[in-house]
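Please consult the sequence and the model while reading.

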Amino acid sequence: MRFASTLKRAGEVSFRQAVFTGLAPDGGLYHPVTQPDLRELIYSFKDELSFKQIAEALTHTLFPEEISRSGAKRIINRAFSFTPKLISLEDGMEMLELFHGPTCAFKDFGAAFLASTLEEFLTEENSRAVILVATSGDTGSAVARAFYRKKNIDVVILYPSGRVSPMQEKQLTTVGGNITALEIMGTFDDCQRMVKLAFMNKELNSSLNLTSANSINPGRLIPQAFYYIYAYVQLQKSPEDSVIFCVPSGNFGNLTAGVYAWQWGLPARGFIAATNINDVVPEYLQTGRFRPRPSIDTLSNAMDVGNPSNFERLIHGLGGDAAAMRRLIHGERVTDPETKEMIKKAHERYGRLIDPHTAVGIEAALRFKAKFPQKANHIIVLATAHPGKFCSIVEAETGVHPKIPESLEESLHRTKEATLMAGGLQELSSFLKDKFS
Ligand SMILES: *Cc1c(COP(=O)(O)O)cnc(C)c1O
């Protein structure tokens, strides 16, 4: 599989080059030039296979020239100490829990695979890299945990002082080892600007081998396709059954990965794009107009995105064809009051505690089922975060206090370690040089 930029002004690159570069040099996003036909492999998977076994086979099959079978085994073994879990909600509806990783959200899958892949490539080349990443909260903690103790890699995370939640700050600043947290006196945009400037500084970039780990890196996208295939295999349905995936979406990376799996031959009938009131994509599917706009704060805050960066990739992957997208993807928009109502209803109906992002997904799936009872005999809703990350909302709606997962609880008792810094390239640049060269 080779990659090209959505803007078409940069040449084709290998997977290795794409993961080290992150963003294409012309400013576009890397996307696969052609998608392989993996139907035979996918249909050969038996339901007793573990997620790791499926991920390993897919990794090697997708990149046979770049990752050997033993390389794929090492990458997957080091990446995934956790697994997705398929749970039945009601007849014809399942929930795919993707929150059993170290930071209890689905972003752990992409971050873990990327970290292991970079470690494998750097070890082969006997070189080092510095990962530089700006975060508004969740991405940074997933990256911190995924890259902890990876060989030949140092990680520097920039976060906006006072603008991340106390739990997020603990997760960013207590990992230690090869992970360094920089507390920037500014906004998330300032952090992002500093990272961008550092990458544009040729001398700094080449002396430290700077690498990005942000959500647009194809090394985070590809592994997210694996759990769609795993879920389908677990469901034990034949290709004649119509299965639809419902994806709580913000930047649309997760949904794009699902579409990749479908292009490889996963027999899914379609997808539901479930958003909160930041509904740029559902609106596009309805009106044909793409109107990015400033985001609005909601309860499902990881989906508060007004200009979803992966939309470009999604439409590109479908040949730039809006009609093809409409045939494949149905959009639903869910408000905060509806989200709260769903958290309550899921507890009453299914006896389950769910987080606000997952609630958006289940609400959208139930609506779809009511509107089009013939279209799907199975809907799989992706559960993207653990309810224990959203204790107060969940407790307010259900009267039950969700258990905070151990891996989060533990970081709350550790001491914060971060370097306070003003927002500017000069200071960042000298810090990096002092520390790493
Ligand atoms: C990031 C995130 C999302 C949105 O995923 P995208 O790939 O950006 O669409 C949904 N739920 C949770 C919990 C997230 O952290």
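## The five-stranded sheet

Five strands form an open sheet in the order β8-β5-β6-β7-β13, and their pairing is parallel. Its edges are taken by β8 (210-211) and β13 (419-422); each has a single partner strand, so one side of each is left without a neighbour in the sheet. Here helices (H or I, at least four residues) and strands (E, at least two) are DSSP runs, numbered from the N terminus, and two strands pair if DSSP finds at least two bridges between them.

Strand β5 (residues 129-134) runs parallel to strand β6 (residues 153-160), and six bridges join them. Ala134 has Leu158 as its bridge partner in β6.

## Basis of the model

The model is predicted: local features need pLDDT of at least 70 and side-chain atom pairs count only at pLDDT 80 or more, while totals for chains, interfaces and linings use all residues. Residues are numbered from 1 along each chain as its sequence is written, and side-chain values use heavy atoms, with hydrogens and water left out.

Helix α7 (residues 166-173) lies across β6 and β7 (179-185) and runs at about 155 degrees to β6. Helix α19 (residues 425-436) lies across β5, β6, β7 and β13, at about 145 degrees to β13. Contact means heavy atoms within 4.5 Å; axes are lines fitted to C-alpha atoms, for helices over the stretch in contact, and angles run from 0 to 180 degrees between N-to-C directions.

## The six-stranded sheet

A further open sheet has six strands in the order β3-β4-β12-β9-β10-β11, with mixed pairing. At its edges stand β3 (85-90) and β11 (329-333), each with a single partner strand, so one side of each is left without a neighbour in the sheet. On average, neighbouring strands of this sheet are turned by 25 degrees against each other, direction ignored.

Four bridges join the parallel strands β9 (residues 243-248) and β12 (residues 378-383). Cys246 stands opposite Val381 in β12. Helix α11 (residues 253-264) packs on this sheet, touching β9, β10 (268-275), β11 and β12, and its direction makes about 175 degrees with that of β10.

## The ligand

Around the ligand are 14 residues (a heavy atom within 4 Å), of which Lys107, Gly250, Asn251, Phe252 and Thr384 come nearest. A polar side-chain atom of Lys107 lies 2.5 Å from a ligand oxygen atom. A backbone N or O atom of Gly250 lies 2.8 Å from an oxygen atom of the ligand, and a backbone N or O atom of Phe252 also lies 2.8 Å from a ligand oxygen atom. Polar contacts are pairs of N or O atoms within 3.5 Å.

How values were computed. A polar contact is a pair of N or O atoms within 3.5 Å; within protein, one must be able to donate a hydrogen and the other to accept it, and residues adjacent in sequence count only if both atoms are side-chain atoms.
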